[in-house]
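Subject: Structure handover

Hello,

Please find below the structure I said I would pass on. My notes on what was found in it follow.

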Amino acid sequence: MLLSSAVQPPIISLFSSTSSDPLTLFSSTTDQALLADSFIHFLHDRLSCPLPGSPRVLLHLPTISDATDQQDSPDHGVELGQTVLHIQSPTIRTTYIQCPPIVSPYGDIGIHDGASGLGIRHPWMHLQVRNLGREWSVEVGVVDHVGRTGTIRLSTFQHLQKKPRLKVDHQKSRSPPLLLLPLSFPSSSTRPLTLWSTINIHFPSLLPYFSSPALRSHEDVDQEEETNEDTKSHELASSSHPRTTIQAFIPSGTYSYVSYVRVYANCRLRRIWFGEGGPSQKAPWEFELYSGDWVV
């Protein structure tokens, strides 16, 4: 694994938009059918420059004054006076950055073997992102203490669901169970000081959701029953083959490490880091954003 053999300090910075080569550990993917609208580009947050090369066109960005009608207050609504990563696309799932880089030519989502995963053992992940007024998603692969993998996906287009959901693909043995978590940026009615937010994700507290029957959709349950019936029939035909159910592959118990991180369109990204503590942990001064914090 990429970092499993390295000494892991209390804080690991995976991405910083102001470092010398921010995407060294990442691969990036865009929608080649939408060259004007799907791209990944470094620019100054407040000035939105340099502009991306033709034919790419920046989408119209929301501002604090748009949300709060405080055009007369130039200090209300802080944008960053530094370089950030701009990720945009009308097709979210086709445009993203991922660490470690994708090794499969087919771009398989959430699939990493033991040699290619991240191996970061810290229980907390923190992201600093700017709301672009479009749907957005971030995805993390997690592994439990016996090596079972799961995928956590936080999405703003899931917020109408209001509750977590769990999806299990019984037809694809290499596809890990997917935990879908609703996410929404602060409402304009809260009069936010900035469109930037820090998202704090605690993996040990999320791992039990993978084994929660209450989160499974009816389609998943019905499909699993059909799969188990097929397995029983196969066992009757050949008793030498042991029965294997889907529960054997669902992560549970103790959290072990993160295998990959994928950040989709649409957002601006400043930093991703891992730590031993949550929002209350004192981070280096250069990590500070002075905006809203979310805990997941």
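**Around Ala36**

Setting aside neighbours up to four places off in sequence, Ala36 is in contact (heavy atoms within 4.5 Å) with Pro55, Arg56, Val57 and Gln88. Ala36 sits in the loop between strand 2 (27-29) and strand 3; helices (H or I, at least four residues) and strands (E, at least two) are DSSP runs, numbered from the N terminus. At 26% relative accessibility, Ala36 is partly exposed; the classes are buried under 20% relative accessible area, exposed over 50%, and partly exposed in between, with a 1.4 Å probe and protein chains only. Pro52 is 16 residues from Ala36 in sequence, and their C-alpha atoms are 9.6 Å apart.

**Basis of the values**

This is a predicted model, in which local features need pLDDT of at least 70 and side-chain atom pairs count only at pLDDT 80 or more, while totals for chains, interfaces and linings use all residues. Residues are numbered from 1 along each chain as its sequence is written, and side-chain values use heavy atoms, with hydrogens and water left out.

The average pLDDT (the predictor's confidence in each residue, from 0 to 100) is 80, and 70% of the residues score at least 70. Over residues 69-76 the pLDDT is below 50, and the model gives this stretch 10 contacts beyond near neighbours in sequence. Residues 221-244 also have pLDDT below 50, with 19 contacts beyond near neighbours in sequence. Where pLDDT is low, the predicted coordinates should not be read in detail.

**Overall**

The protein has three helices and 14 strands. Of its 296 residues, 46% are buried. Among contacts with a separation of 6 or more, 78% are between residues 24 or more positions apart. The protein exposes about 14,800 Å², and carbon and sulfur atoms supply 54% of that area; accessible areas come from the Shrake-Rupley method with a 1.4 Å probe, and for residues only the protein chains shown count as cover.

**Cores**

The largest nonpolar core has 43 residues, of which Phe203, Val263, Ile272 and Phe274 touch the most other members. A nonpolar core here is a set of buried Ala, Val, Leu, Ile, Met, Phe, Trp, Tyr and Cys residues joined through side-chain atoms within 4.5 Å. A second, separate core of six residues includes Phe39, Leu58, Val84 and Trp196. In soluble globular proteins, nonpolar side chains tend to be buried together.

Beyond four places in sequence, the contacts of Ile272 are Ile12, Ser13, Leu14, Phe15, Met125, His126, Leu127, Val261 and Val263.

**Thr156 and Trp136**

Thr156 lies in the loop between strand 8 (149-155) and strand 9 (165-167). Thr156 is buried, with a relative accessible area of 6%. What does Thr156 touch, not counting residues up to four places away in sequence? The list is Arg134, Glu135, Trp136, Leu183 and Phe185.

Trp136 is in the loop between strand 6 (124-131) and strand 7 (137-144), and is buried with a relative accessible area of 0%. A polar atom of the Trp136 side chain is 3.1 Å from the backbone oxygen of Tyr264. Trp136 and Asn266 are 130 residues apart along the chain, yet their C-alpha atoms are separated by 4.9 Å.

**Backbone and cysteines**

Most residues other than glycine have a negative phi, and most peptide bonds are trans. The bond from Ala265 to Asn266 is cis, with omega about 5°; Asn266 lies in the loop between strand 12 (255-264) and strand 13 (267-275). The peptide bond from Ser54 to Pro55 is also cis, with omega near 10°, and Pro55 is in the loop between strand 3 (39-44) and helix 1 (64-68). Ser48 lies in the loop between strand 3 and helix 1 and has a positive phi, near 50°. Ser48 is buried at 17% relative accessible area.

The structure holds zero disulfides (pairs of cysteine sulfur atoms within 2.5 Å). Cys49 is partly exposed at 32% relative accessible area, whereas Cys99 is buried at 0%.

Regards

Notes: A polar contact is a pair of N or O atoms within 3.5 Å; within protein, one must be able to donate a hydrogen and the other to accept it, and residues adjacent in sequence count only if both atoms are side-chain atoms.
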